[in-house]
Amino acid sequence: MRTRAETESRSIAIQASVTQTIWLDLSVAALVLTAASGVPGLALGRRSNAAQGLASLLVIAGALLGELAAIAVLGGAAIETRTLPGPLSELSLHLRLDPLAAFFLVPVYLLSVAGTLYGTRYWKQTEHPENGRALRLWYGVLVAALAAVVLAADGFAFLMAWEVMALAAFFLVTIEDDRAEVRQAGWVYLVATHAGTLALFALFALLWAVNGSLEFRPMASGAGTQGATSALFLLALVGFGFKAGIVPLHFWLPAAHANAPSHVSALMSGLLLKMGIYGLLRFFTLLPAPPPGVGMLMIAIGTFSAMYGVVFALGQHDLKRLLAYHSIENIGIIVMGMGLALVGVSAQQPAWVALGLAGCLLHVWNHSFFKGLLFLAAGSVIHGAGTREIDRLGGLGKPMSRTAALFAIGAVAICGLPPLNGFVSELLIYVGLFRAGADGASRQWSAAPLAAPLLAMVGALAVACFVKAYGTVFLGPHRSEGAARAHEVPRSMLVAMILLALPCVTIGVFPVLAMPALDRVVHAWVGAESQPPLLGHLIPWTPIMGMNAALVAGVLAVSLILGRRFRRRVPVQTGTWDCGYVQPTAAMSYSASSFAQLLVDLYGWLLRPRAGHAIRTELFPSRQHFHTRVPEQVTEFVLAPLWVSFRRALAPFRALQHGRVQLYLMYVLLTLCILVVLSFPIDEAFVRFLGWWGNGGVHGVE
Amino acid sequence: MAWNETLPDMVTPILHISVLLLAPPLLMGVINKTKAWAAGRRGPPLLQLYYDLFRLFRKDTVLSRTTTWVFRAGPVVGVTAVLLAGLLAPFGAFDAPLSFDGDLVLFAYLMGLARFFTAAAALDTGSAFEGMGAAREVSFASLAEVALFVAFVVLVRLSGSLSLTPMLHAPMTGAFHGLPAAALLLVGVALFVVLLAENARIPVDDPNTHLELTMIHEVMVLDHSGPLFGLVLYGASVKLLLFSSLLLHFALPFSFGAPLLDWALFGVGLLAVAIAVGVVESVMARLRLRHVPSLLIAASVLCAFGFFFTLA
Amino acid sequence: MNFSAANLLLIGVLLLNLFCLGTSRIRALIQAAALQGVVLGVMPLLIHGRVDWNTGLIALATVVLKGNVIPGMLRRALREAQIKREIEPLIGLVPTMLLGALATLLSIAFASGLPLAPEHQNLLIVPASFSTVLTGFLLLTTRMKAITQAIGYLVLENGIFIFGLLLLDAMPFLVEIGVLLDLFVGIFVVSIIIHHINREFASLDTRRLASLKE
């Protein structure tokens, strides 16, 4: 019985020896092009717009090459591994473009194109002379690093690319570093990402010890004890969890996404978080079998993360923070799918593996697309109306009708409603969870289907949250000056958004288009010995597509009939009747915080909303103010008190930090001396010295 | 179960679609008549909603200047989505016209789509009343969805199938005794509560008052007029029909075997459900809004108990 | 190889160390460091034994840099800062010198216990190197003015260079250039810092830097 490692290595060896395909080279070329995209701008001065056009061109060129290579490999091209020399003989760099990597590359390049098109007008060089070039430089580096993380086939290359990616994202988040909240957000992000990277270093070190090399090849089935595998899993969970934003390691996410420029937020939410998911998926391909209970644990973590994210999103009234919390929710859903796949591996049910993994992977794509779209739309709102506060917007659907329509597409998609793409990936996960309750008589997995109602609750809360967001931002009256003066965004920004809306609609209405790619990745992930069923056999896509078509056709038909009716008898336009109120004002309309109040109160035990108001008790009414906010739990209730007690505990050691250079140098000398004494047999040396001195000293030999 | 095996003849689907399209307003009429009789009145005619719909479709429309296309999309998507969901739900002992693995999710999410657009249309008017109704509607729906899905989980476990038709026909097979039967009973009760919640009936909402403190669904559609309002009322009645038909599989889980008798049984069952709803509405008062979540959570817990019974 | 000449020069280096520790006149300190640099520039020629273009050029470059350029820059910084003497250090000049002597003895003892290659065993390279490094350290830790600390850093680098002489055959000359470049940049930066410290604080006393601590 061949082990998975042997089979895999044999197949890779065969494939590598058959042909030297161009796909890996194309990917590397794409990488180089995107990395270099921001460099010409450095030479072209800060007042010219030429550099941004050139940068966009380079990114688009790189993206085309990269997508071509990725689609080719997803379509069945051979897998190729390339080895590059590294600094030491044991540390060479390996690159490989296999189906899992290609799958993650597809959204990387699509989002980068959309982002760069968007950025030409959103962050126009002439409007942002002081940081525009830096933004484009780091944008290109980030895209290249994302691709490099995915192409890396050994721990060393992976970590290098990971660090570059994290740092590029840091520089992008803090691009507007004149604002204090941006600096704060960048700082928290940096700490979180490095905590994760530390765990990853430990992970790869342990992996080297167990596996014998840093290369990403599956471990032999006997290698490593149970304890070692569990330790590896925990390190991977922490390390990749920080990056993916799994609760409770998510605390850096809201501030970082809210304070970065919108197309950067789109990239971070759509791609950076997914690299954590990619890392976990890659990690599980290295283990011979997942440790017991891991699958159910991941489902539980995913469910909790999803519920946490969506409940907190309800309490936000900053548009981008709201979207950031929804990212946490969707990552939770992705982790649920991954957990289901792991349960399937443990239970030896290939159908569950296929459904769970396909749901996880498709949701990765879907989330990149619709979250990217939503962030770009949010950026358009900020561009058009000037503020991020939902309660100060309103009525933008009239002046910004195209942005409103695109945001609506994103909102329906993220709620998982048919006929758009969110529904397809959630359906895969639902069917998988239900099957875990129906197939197989084992009681061990029977708790898994209970995640389905919780997922349904998450979906319904997402509907609530996005009705709130869409309704308060685009519908209703104008709630402030900025909203009243809003204007539609330029065409390049609209094109970027449409570019992301297209896959949302396409995958939603024609889910079969994505199935071959998903099947290929599922087969690659599972390994050669298990044959998971094709997704087309597990879920009948034809009737679903039929229903989607019927939905679209039905809506169109009814709309046409009504339209004809309204042309014959034109409706009367008047003010809102509203049960007879004569003078409604914008302040009377339901704002976002009012809309969410019922749910925020219901979940108040988790959200702990804080209200602040000044009560004035003078005779005549004067200006009052009231604000509410939902604090980020982990930062404010866990990390901040920990930090304060840490500082207090370590305060005695502050005496060592007196600022005097001379004494710092003395510390170095002292440490050196102690090390010398510990590592060197001083007494022997002294004996020999005394003997040598007695023999005549230096000139004794001569 | 492959989807193309569920169309044995053309009669059942045609009857199904006819009932789906034509019967719903009658149910509303029955409920109103029951409530009127319980209050000692004669009440409106049974076919009142049909007259109302005809009248509304002939009227002009008044649109608010604040609204956009979303306001008109609300009723349109609401009706279309709910009617399409009706193609998935089996009526009585008969198969639904469309049945495939995973259609239970599509059923629930089509309702969700309808809810999204209805609530968005409510916010479109910029009025405080509609916003309030929309907020309440989406908040309570999140809890009702949980109960519905736990019920689905129980049914999936008992029937071993992932499609609504075989799932809901499972109680009719008579194969369940003891604990699974108790599970089905609990699920049935919970589904009744979900029906009341999703269709804005007392004790969750009062469809008759127009006081802001007591409205959820009524208030969301305050500004709709003419054909749009007609679509709203019609969509609401179709939704009631669908939930009633789901419930009937638990309340009357047997079949005569003959098509005519089974359709008659289904008709009688629908009327019974409508009368039951009317009775509940007449006997109880509306719950305070703060207690509605507790009611829905209780329904979910009942279903969860049912689930644990099936594990045994 | 001319061992005795090399050893003599190294003894000279050791004596220069002690002188550095004992003087409080900054100009004298610069001169001593420069002289040390010149001596060290010549050392490779003596150890190699032959004078070819390669080694000769490097020796010349080292001598010019360490003997002229760097001391010149330091003297300019001194002129701009307008100071002449170092403040009396914390532990006094004579005790510092005694410490330096003790450090030299300890380094000789230490070096004799190391497993050196046979051709290096009778050279004073390792003891001189450790001793110079420790002298540099002492200068860095006991002196208050930034210029003296810069010179202490110079002496420290000299000590490392002496150790590098052991690997003269193995180390390609790029590494030596690298070491010198590093030194050059370090001096450059410290000169700038001295200039700015003087401007910001109206004093070159590095004890004032402690006020920058968090």
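**Largest pocket**

I looked up the lining of the largest pocket first: it has 32 residues, and Gln184(A), Val188(A), Phe251(A), Thr635(A) and Glu636(A) lie nearest its centre. The model is predicted, so I kept local features only at pLDDT of at least 70 and side-chain atom pairs only at pLDDT 80 or more, while totals for chains, interfaces and linings use all residues. Residues are numbered from 1 along each chain as its sequence is written, chains are lettered from A and ligands numbered from 1 in the order written, and side-chain values use heavy atoms, without hydrogens and water.

A pocket is an open set of points on a 1 Å grid over the protein atoms alone, with protein on both sides within 12 Å along at least five of seven lines; a cavity is a set where a 1.4 Å probe fits but cannot get out; lining residues have an atom within 4 Å of a point. The volume, about 1100 Å³ for this pocket, is the space filled by probe spheres set on the points, which are joined across faces, edges and corners.

Helices H8 (180–211), H10 (253–259) and H25 (633–650) of chain A each give two or more residues to the pocket lining. H8(A) gives the most, with eight residues. Helices here are DSSP runs (H or I, at least four residues), numbered from the N terminus.

By class I found 18 nonpolar, six polar and eight charged lining residues. Nonpolar covers Ala, Val, Leu, Ile, Met, Phe, Trp, Tyr, Cys and Pro; charged covers Asp, Glu, Lys and Arg; the others, Gly among them, are polar.

**Cavities**

I counted 11 cavities of 30 Å³ or more. The largest cavity has a volume of about 200 Å³. Its lining has 17 residues, with Gly78(B), Ala114(B), Thr118(B), His217(B) and Ala236(B) closest to the centre. Nine of the lining residues are nonpolar, five polar and three charged.

**H15(A) and H19(A)**

I then checked helix H15 (residues 401–414) of chain A against helix H19 (residues 491–509) of chain A: they pack at about 30 degrees, axes 10 Å apart. Axes are lines fitted to C-alpha atoms over the stretch in contact, and angles run from 0 to 180 degrees between N-to-C directions. H15(A) and H19(A) are therefore roughly parallel, the term for angles under 35 degrees.

**Chains**

Two pairs of chains are in contact, and chains A and B share the most contacts. Contact means heavy atoms within 4.5 Å. No contact joins chain B and chain C; their closest C-alpha atoms lie 50 Å apart.

Conventions
Parallel < 35°, antiparallel > 145°, perpendicular 65-115°, else oblique.
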